[in-house]
Amino acid sequence: MRIVIAGGHGQIALRLERLLAARGNEVAGIIRKAEQGDDLREAGAEPVVLDLESASVEEVAAQLRGADAAVFAAGAGPGSGTSRKDTVDKGAAVLFADAAVQAGVRRFVVVSSMGANPAHEGDEIFDVYLRAKGEADEYVRGLDALDWTILRPGALTNDAGTGLVRLEAHTGRGPIPRDDVAAVLAELLDTSATAGLTLELISGSTPVPVAVKSVAGN
């Protein structure tokens, strides 16, 4: 498969790129800064320099044409203010989804966040973030031209992955290593029967392939 990842230099994205490339896939990662390119090449991915905060739908669609799947893994990051939650966590997600539709890429996987909700209340930066992610998720779910899956991980850690997870519509809160999030994303891309599902993810006791097959059967 050819897979294009938005936010290609993110911690989860780099892990995912390594996994997908090792499986023999052709992977491209969209990045904002050319100097991030070497990290992607090292992970086995082709770097594509494009700023999703200023690019047009047509420019993004041009990078998506011919792809078998698209993954939105971009984020404004913990050090950013409220305005970038709107332009990246919501705006770039909407742009990437619209571009996928225009390019004819049906399989679309979103890395969201547990607690994402357009009706989330509060004025702190994290509250704004959860609203932005919730609004983006809601937008993607409304696009009939996409076979979307939305993944909402719990608290992300840099602990070594265990390969054991809990993946359900509602898991309750808990931690999850970024390694395991990437492993689940790779498996979701291989399992089109998970289209139309919004899933929460935390560490658990079920091997990743079994967990994904289980939700695909529901």
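## Before you start

Local features here need pLDDT of at least 70, side-chain atom pairs count only at pLDDT 80 or more, and totals for chains, interfaces and linings use all residues of this predicted model. Residues are numbered from 1 along each chain as its sequence is written, and side-chain values use heavy atoms, with hydrogens and water left out.

## The sheet

Let's begin with the strands (DSSP runs of E, at least two residues, numbered from the N terminus). An open sheet is built from 9 strands in the order 3-2-1-4-5-6-10-8-11, with mixed pairing. Two strands pair if DSSP finds at least two bridges between them. At the edges sit strand 3 (46–49) and strand 11 (206–207), each pairing on one side only. Strands of a sheet pair through backbone hydrogen bonds, either parallel or antiparallel.

With strand 6 (residues 147–153), strand 10 (residues 197–203) pairs in the parallel sense over 5 bridges. Here Thr149 stands opposite Leu197, and Pro153 faces Leu201. Strand 8 and strand 10 run antiparallel and are joined by 4 bridges; look for Val165 opposite Ser203 in strand 10.

## Helices across the sheet

Now find two helices (DSSP runs of H or I, at least four residues). Helix 1 lies across strand 1 (2–6), strand 2, strand 4 (69–72) and strand 5 (107–111), at about 175° to strand 1. Helix 4 also lies across strand 1, strand 2, strand 4 and strand 5, and runs at about 175° to strand 4. These angles, on a scale from 0 to 180 degrees, compare N-to-C directions of axes fitted to C-alpha atoms, for helices over the stretch in contact.

The structure holds 11 salt bridges (a side-chain nitrogen of Lys or Arg within 4 Å of a carboxyl oxygen of Asp or Glu). In one of them, the side chains of Arg15 and Asp179 meet at 2.7 Å, N to O. Arg15 belongs to helix 1 and Asp179 to helix 6 (residues 178–189), 164 residues apart.

Asp159 and Arg178 are 19 residues apart in sequence, and their C-alpha atoms are 7.6 Å apart in space.

## The largest pocket

A pocket is an open set of points on a 1 Å grid over the protein atoms alone, where a 1.4 Å probe fits, with protein on both sides within 12 Å along at least five of seven lines; lining residues have an atom within 4 Å of a point. The largest pocket has a volume of about 1,100 Å³, the space filled by probe spheres set on its points, which are joined across faces, edges and corners. Its lining has 40 residues, with Ala73, Ala74, Gly75, Ala76 and Gly77 nearest the centre. Helix 4 gives the largest share of that lining, 5 residues.

Methods: Contact = heavy atoms within 4.5 Å.
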